[in-house]
Amino acid sequence: MIWLLKPAELSLKGGNRKLFELALKRNLQTALAGCNVQITMRTGRIFLHGTEMEQAVIEDALRRLIGISGWAQTRSLPKTIEEVLAACVDEGKKLHAQGITSFKIEARRTDKSFPHDSYALRCMGGQAVLDAVPGMIVNIHNPGAVIRIEIREKAYIYSDAQKGLGGLPVGTAGRGLLLLSGGIDSPVAGFLMASRGMGIDAVHFHAYPYTSEEAKQKTIRLAQILGSYCMGIRLYIVGFTKVQMRIKESAPLPWSTILLRMAMMDCAEKIARKIKCKCIITGESLSQVASQTIENLTCTQNRMILPVLRPLIGMDKDSIIKKAEQIDTYKTSIEPFEDCCVLFNPPHPILHGDPSEANRLYEALELEQLIEEALRDCEIIKC
C-alpha cells in the first residue's frame, strides 16, 4: 500500500526547505517506529509504503502528524494515458458504490514530458468516468468527491484525500516549556505552538493533598495525548503544596492568585533554563479570568528573563473548546478533578495589579528555598 503526503508550508522555506523536509521525515519515522514502512522523499511530496496489516496504525499516525496539509492512500501506475483513465474509472465505480453520484477531476502534471497537460487530463478523465459509470455526474463547484491525478515519475490516482493538521514539523523551532494544568486551555496552547514547529516539554504543579491523585493522573493523560502530536513530551510534576501554603498564610488574600502564578513562572523558568527550553508557554487568554487582565499578566511575567508565549491570548472560550475537541483533549480536560490554580481562590481577587507592588509582595514571601526543594523532588514522566 502507498500513501501520498503533502507537506505544509515548506514551499515558503526557500533554501532551508531541505532541512524542514528532513525534520518531517524524522518525525514520520518516529511516529511509525516499529512499523515496516519505507519513506521516499520527492519534490513536494512524501510517499509512504506500508502493509495492509498496519494500515490503521499508519493512518492514525498521519492524522496526528504536524507538518502535512493532506494525505491519501493512492495507487501507483505506469505513465500511460490508458492506465490513468482506467484508474479514474475504477475510482468512479468505487465512489458510486459508496453512494456518491457527483465528482470532478483535478490533475497535476509535474512531468512535463507527459503528452497530455492538466486540462486534458481533467477532461479525458471526467469523460472516461461518465462513459463507464451510469448515474455519475460532473459537479465542478460542489462535488461529492474529487478524483485526483498526479503525473510524476509515475502516475498516482486517488480520491479519498484527507486533510492534514498543517503547520511546520515539530522540532524545527526549538523547544518550549508548557505550563500544563488539568484544564481546557493549556493543552491547546501546547498544540498550537507545536504546530509552529516547536518541541514541547511540560510542567505541572501539584498540591497534594489539596489536589487529588486523580488530578495528577488526568494531567498525565493530557500530556500523553499532546505528546502523540509532539513527538513525545517530558512532563515535570512539581509538588507545590509548601509554596502555596506560604502564599496562603503570608500574602494579602486578593493577591494570592497573582503571587502563585509568579511562583509558578519562577519555578518553570528554572526548569526551562536547565533543560535548554527557549521560552515558557501558557494557556492564558486576555481577560478570560481575573489573573489574565493585561496588568496581571504583566505582573506574572515581570520577573522573567525567558520570553512568555501565549498562543491563546486573542481567542475566545468557544474557539479554544473547538480546538480542544479537535485534538481530543476536551473530554479529559473537563473531568471534575481540580488543579492547584483553583485552590484557595480569593473571593475578590485584585484585577489590575501593579508590577512594583507584586514584586515587593513576592520578595517578602521568601519562596526561593521552597521552590528549590520542590525542584529537587520533582517527578519526570516521559509521555
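The axes of helix 7 and helix 13 come within 9 Å of each other and cross at roughly 160 degrees, where axes are lines fitted to C-alpha atoms, for helices over the stretch in contact, and angles run from 0 to 180 degrees between N-to-C directions. Helix 7 is therefore roughly antiparallel to helix 13, a label for angles over 145 degrees, while those under 35 degrees count as roughly parallel, 65 to 115 as roughly perpendicular and the rest as oblique. Lys242, Val243 and Arg246 of helix 7 meet Leu370, Ile371 and Glu373 of helix 13 in this contact, contact meaning heavy atoms within 4.5 Å. Two packed helices are described in general by the angle between their axes and the distance between the axes.

Helix 7 covers residues 241-250, and its buried residues are Thr241, Val243, Gln244, Met245 and Ile247; buried means under 20% relative accessible area, exposed over 50%, and partly exposed in between, with a 1.4 Å probe and protein chains only. These buried residues pack against strand 11, strand 12, helix 8 (256-274), helix 12 (355-365) and helix 13 (368-376). Helices (H or I, at least four residues) and strands (E, at least two) are DSSP runs, numbered from the N terminus.

The model is predicted, so that local features need pLDDT of at least 70 and side-chain atom pairs count only at pLDDT 80 or more, whereas totals for chains, interfaces and linings use all residues. Residues are numbered from 1 along each chain as its sequence is written, and side-chain values use heavy atoms, with hydrogens and water left out.

The protein chain as a whole has 13 helices and 15 strands, and its C-alpha atoms fill a box of roughly 80 × 35 × 35 Å, taken along the principal axes. Of the 383 residues in the protein chain, 52% are buried. Among contacts in the protein chain with a separation of 6 or more, 80% are between residues 24 or more positions apart.

Strands 11 and 12, against which helix 7 packs, belong to an open sheet of 6 strands in the order 14-13-10-11-12-15, with mixed pairing. Strand 14 (308-309) and strand 15 stand at the edges, each with a single partner strand, so one side of each is left without a neighbour in the sheet. Helix 5 (residues 185-194) packs on the sheet and touches strand 10 (175-179), strand 11, strand 13 and strand 14, its direction making about 170 degrees with that of strand 10.

| Strands | Sense | Bridges |
|---|---|---|
| strand 11 (residues 199-206) and strand 12 (residues 234-239) | parallel | 5 bridges |
| strand 12 and strand 15 (residues 379-382) | antiparallel | 4 bridges |
| strand 13 (residues 280-281) and strand 14 | parallel | 2 bridges |

Tyr236 in strand 12 stands opposite Val203, and the chain crosses from strand 11 through helix 6 (residues 213-227) to strand 12 in a right-handed β-α-β crossover. Right-handed here means that, with the strands pointing away from the viewer, the path from the first strand over the helix to the second runs clockwise.

Pro209 is found in the loop between strand 11 and helix 6, and the peptide bond from Tyr208 to Pro209 is cis, with omega near 5 degrees. Met231, in the loop between helix 6 and strand 12, has a positive phi near 60 degrees although it is not a glycine, and at 26% relative accessibility Met231 counts as partly exposed. Most residues other than glycine have a negative phi, and most peptide bonds are trans.

Elsewhere, Glu91 is found in helix 3 (residues 81-97) and is buried, with a relative accessible area of 4%. The side chain of Glu91 makes a polar contact of 2.5 Å with that of Ser159 and another of 3.1 Å with that of Lys94; a polar contact is a pair of N or O atoms within 3.5 Å, and within protein one must be able to donate a hydrogen and the other to accept it, while residues adjacent in sequence count only if both atoms are side-chain atoms.

Conventions:
Two strands pair if DSSP finds at least two bridges between them.
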